[in-house]
Amino acid sequence: MRNQRKLYGSLLAAIGLLAAGGCAQQPRTDAGHCQLSATNNVERLFLEVSEKLEDPLCHYSYPDYRQQLVAAAKGSPGAENEARFAALLRESIDLGVISTRQGQEVFSQYFDPEFYAVKSEPRSSCTSLRERSELEVAMRRELEYKREGMLEILGDEERFRQAQHYFQDLNLVFDAVDAACTRST
Amino acid sequence: MTVICESGLSRKLLLSGLLLLGPGWAQAVPGQPAELRPRINLFPTSVVESLSDTSRAAREMETGLYEIVLKLEKQKDAYESTDCASSDDAGCVQLRKAVRGTYKEMLDLMQASIPGMRASLDATADSMGNSLRSEIGRKMTPGDVQRILGGRGAGETGLARPPSGRAGQGKLSQMFSRYYELVKRGGRQADALPVLASQIYLDSVQSLYFLDLIEAEIGSQSTELVLELEWGELTDQISATVGDVKVLLWGEEDRAQDILEVGLQESASRDEYRDLLIQ
């Protein structure tokens, strides 16, 4: 009986130690671990994000990083920001934080004058324009991203103007094609 | 930047889109040679002929109508500026009678011109609509349209895009005549043609709409009614009809906008980011 108690005691102690050891292997949850410093220096911030992403535990903070980077880049607009975002997106793809498609989507939405929402529509115009309002909403939202990306982050008015022209011309053509397709049915 | 989380559906569509599009479409990017871009035949002979007919029919309708509308405008201005609406003064009665006479003249002329104009506009709207439906609506995805619009070379001014509505374009006949000319010489600038075709189609449909409105108003205001009301007030209906005729002939003022360049400046080379762009 006494031996049995000793055995139970040893087992409990062992479980306790294992548990303690197990806890030590859990992700670090301290607030400062994945946080970025409060700097407005865009280059330094991109470097910091790059370093943090080396740690898989910080991948969860990726959306926050992007928000902070966008905010910082807006404070210091310039053509060089495009390369910074492109490099970070490539790195994020390589590290498996986002997929290639996600990277292309984000980059297109912010920096390509053409509309990703339009490119990614696989159906014929007549069919896809039955959901014209959804497409229009997506294009309008994307134009907002482009305004952020091209005007506020890059300071590239000409490129944003080109995106606006696409928006205007596409909507005119979609209006006419939608009307022509509807008229025939 | 919360795009990634919102984009699951778009990604699926894109993947299917890339599978469906194939390599031929993937080559059709801004700055690519014309032979690699999606081909389009929006203006078959029937469209060109109906544009020419519409221009001629509009010119016939306009003959005489401008002078009548201008005369009517002057008479109305005089009527309103002299507060004739609430007066039985002999001069005012005479002015009312004159306005009604001119108005009747306009209605008669419109009534005689509408059938020819309608037939011609119908033919243009039908042929242009068929063309848009078959060439863009059924054969192309919205992405193909975007690729065509993106085929503009650097510094190319392209076709001067007709502004939405007809403000600044002048007469209805001039608008269709201008469309006819643009279509005739527009073959080399295929990237601008979807926009031009869309504008022609929407303008034809809109002109038909105003023609319908005018016809309905004329129908409800028989000659007898106009004569009966010779001594009465000028009605809102008269103003509305005159307004619609003006819109048909001159276009809506509030839709005026600058003529935009269809040929747009190409942005700086983006080869560096090609891997991050969906082609």
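**Close-up views of a two-chain predicted model**

**View 1. Chain B is built from helices.** Chain B holds 10 helices and zero strands. Helices (H or I, at least four residues) and strands (E, at least two) are DSSP runs, numbered from the N terminus. Read from the N terminus, the elements run α-α-α-α-α-α-α-α-α-α. Of its 279 residues, 48% count as buried; buried means under 20% relative accessible area, exposed over 50%, partly exposed in between (1.4 Å probe, protein chains only). This is a predicted model, where local features need pLDDT of at least 70, side-chain atom pairs count only at pLDDT 80 or more, and totals for chains, interfaces and linings use all residues. Residues are numbered from 1 along each chain as its sequence is written, chains are lettered from A, and side-chain values use heavy atoms, without hydrogens and water.

**View 2. Asp83(B) sits in a loop.** Asp83(B) lies between α4 (65-81) and α5 (90-138) of chain B. Its phi is positive, about 55°, although Asp83(B) is not a glycine. Is Asp83(B) buried or exposed? Asp83(B) counts as exposed because its relative accessibility is 56%.

**View 3. Chain A has helices too.** Chain A contains nine helices and zero strands. Buried residues make up 46% of its 185 residues. Its accessible surface is about 9500 Å², and 53% of that belongs to carbon and sulfur atoms. Such areas come from the Shrake-Rupley method with a 1.4 Å probe; for residues, only the protein chains shown count as cover.

**View 4. Helices α5 and α8 of chain A cross.** The axes of α5 (residues 100-111) and α8 (residues 132-153) of chain A come within 6 Å and cross at roughly 70°. Therefore α5(A) is roughly perpendicular to α8(A), a label for angles of 65 to 115 degrees. Residues in the contact (heavy atoms within 4.5 Å) include Tyr110(A) and Phe111(A) of α5(A) and Tyr145(A) and Met150(A) of α8(A).

**View 5. A nonpolar core draws on both chains.** A nonpolar core is a set of buried Ala, Val, Leu, Ile, Met, Phe, Trp, Tyr and Cys residues joined through side-chain atoms within 4.5 Å. The largest has 73 residues; Leu170(A), Phe43(B), Met106(B), Met110(B), Leu132(B) and Ile136(B) touch the most other members. Not counting residues up to four places away in sequence, Ile136(B) touches residues including Val173(A), Val177(A), Ile40(B) and Val145(B). Another core, of 28 residues, lies apart and has Leu45(A), Leu88(A), Phe111(A) and Leu154(A) among its members.

Conventions
Axes are lines fitted to C-alpha atoms, for helices over the stretch in contact, and angles run from 0 to 180 degrees between N-to-C directions. Angles under 35 degrees count as roughly parallel, over 145 as roughly antiparallel, 65 to 115 as roughly perpendicular and the rest as oblique.
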